[in-house]
Amino acid sequence: MTIDQYANRFVCDLVAYEPGKPIDETARELGLDPSQIVKVASNENPLGPSPLAKIAMRDALEEAHIYPDGGGYRLRCAIADSFEMEISNVVLGNGSNEIIELLCHTFLNRDAELIAAEHAFVVYKLMATLFGAKYIEVPDPGFIHDLDAMADAITDKTRLVFIANPNNPTGTMVDQAAIDRFMARVPEHVIVVFDEAYFEFPDSPPDALKYVREGRNVCVLRTFSKIHGLAALRVGYGLASKNVATLLQKARQPFNVNAIAQAGALAALGDSAHIEKTRTVNSEGMAFYETALKARGLEFVPSFANFLLIKVGDGDRVFRDMLKQGVIIRAMSSYKLPDWVRISIGTRAQNERCIEVLDSVLAAEVAV
Ligand SMILES: *Cc1c(COP(=O)(O)O)cnc(C)c1O
């Protein structure tokens, strides 16, 4: 007899999300100084937060005794302006992960189905499970979402289809033609979610916002966690047609985005210098890795984002062995990719250290 029998079955059965291993925890376990650890496990911005955001957040601390603007007026206006949309199209979330949850709250139940690609971001599956919905996984040959097959998988029970573009952990992207073909086939009762957490990294990403503008049942997710370097703040947003956005607003907690985060995000939105610098460091780092991996004959998936999926043999072991040397990467067994690891692009120094440690770990493996 345990308390579990009184709990919701979907919660009991859930395998909890395993985030990138924290720097502090790693330092504690290894007896190292946290500054000696390189974390390239969670696709964070290696340059740190937007400097403008830091200033705005310090200023916002003075008002920390006042509840935040629950409506997020200033931030939503600025976001709406930047896309030439209305404030009614913008929903703020405690990270874009919360918008995923709000979509599930709004549209899922035990009869509903959610469709995603086989190697899509794992949070979709977690959320579908928590809401008791059926999770439909569509094969993604070459690690690229197969939107034709995803359209084929739509039934009367389908409510949400998630398209992560670029996708995490594969880094692959679907193009405009595939999206347009897909959207031409999507019926009214299906909400299409374009998760664009890495939208700012590729040179010419496809335009999913046009479907929001057309009033289709579409939600585009963006975040301050990646290019803006504000992952700790937990702030992201959804851009949706007014009807969808109005429902999502009802599903959220009244103060879901804190005031410091709102202030930081607002300043980060205008920090184009930080965005440009980050893109440059990322493309230089990507080029470094591609050359280094090719030279070593290591297979990887060409990436449009700020990370790479790399085939290393036993991914769990490579993760553990690199960890011992103070480099945190991500094993991919939870994505059913036990032979692969995911490494985020860092600064030049971080990338060099990471490759050096990867070399030593792979050499040791051969020697065993
Ligand atoms: C990182 C990431 C997010 C962003 O999550 P936040 O909650 O905004 O930090 C969303 N979707 C994908 C696919 C991601 O990789």
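A salt bridge here is a side-chain nitrogen of Lys or Arg within 4 Å of a carboxyl oxygen of Asp or Glu. By that criterion, 2 salt bridges are counted between domain 1 and domain 2. The side chains of K336 and E137 form a salt bridge, with an N to O distance of 2.9 Å. The model is predicted, and side-chain atom pairs count only at pLDDT 80 or more.

Contact between the domains involves 30 residues of domain 1 and 33 residues of domain 2. Together, domain 1 and domain 2 bury about 2,800 Å², and carbon and sulfur atoms account for 66% of this area. On the domain 1 side, F10, F304 and Y335 provide 24% of the area buried against domain 2, more than any other three residues.

Polar contacts link 13 residue pairs between domain 1 and domain 2, both residues being at pLDDT 80 or more. The side of domain 1 that touches domain 2 draws at least two residues from each of helix 1 (9–12), helix 12 (272–295), strand 10 (307–311) and strand 13 (340–344). Helix 12 gives the most to this side, with 6 residues. Sorted by class, the residues of domain 1 that touch domain 2 are 17 nonpolar, 9 polar and 4 charged.

Notes: Residues are numbered from 1 along each chain as its sequence is written. This is a predicted model: local features need pLDDT of at least 70, side-chain atom pairs count only at pLDDT 80 or more; totals for chains, interfaces and linings use all residues. Side-chain values use heavy atoms; hydrogens and water are left out. Contact means heavy atoms within 4.5 Å. Buried area is the accessible area (1.4 Å probe) that two parts lose on being put together, summed over both. A polar contact is a pair of N or O atoms within 3.5 Å; within protein, one must be able to donate a hydrogen and the other to accept it, and residues adjacent in sequence count only if both atoms are side-chain atoms. Helices (H or I, at least four residues) and strands (E, at least two) are DSSP runs, numbered from the N terminus. Ala, Val, Leu, Ile, Met, Phe, Trp, Tyr, Cys and Pro count as nonpolar, Asp, Glu, Lys and Arg as charged, and the others, Gly among them, as polar.
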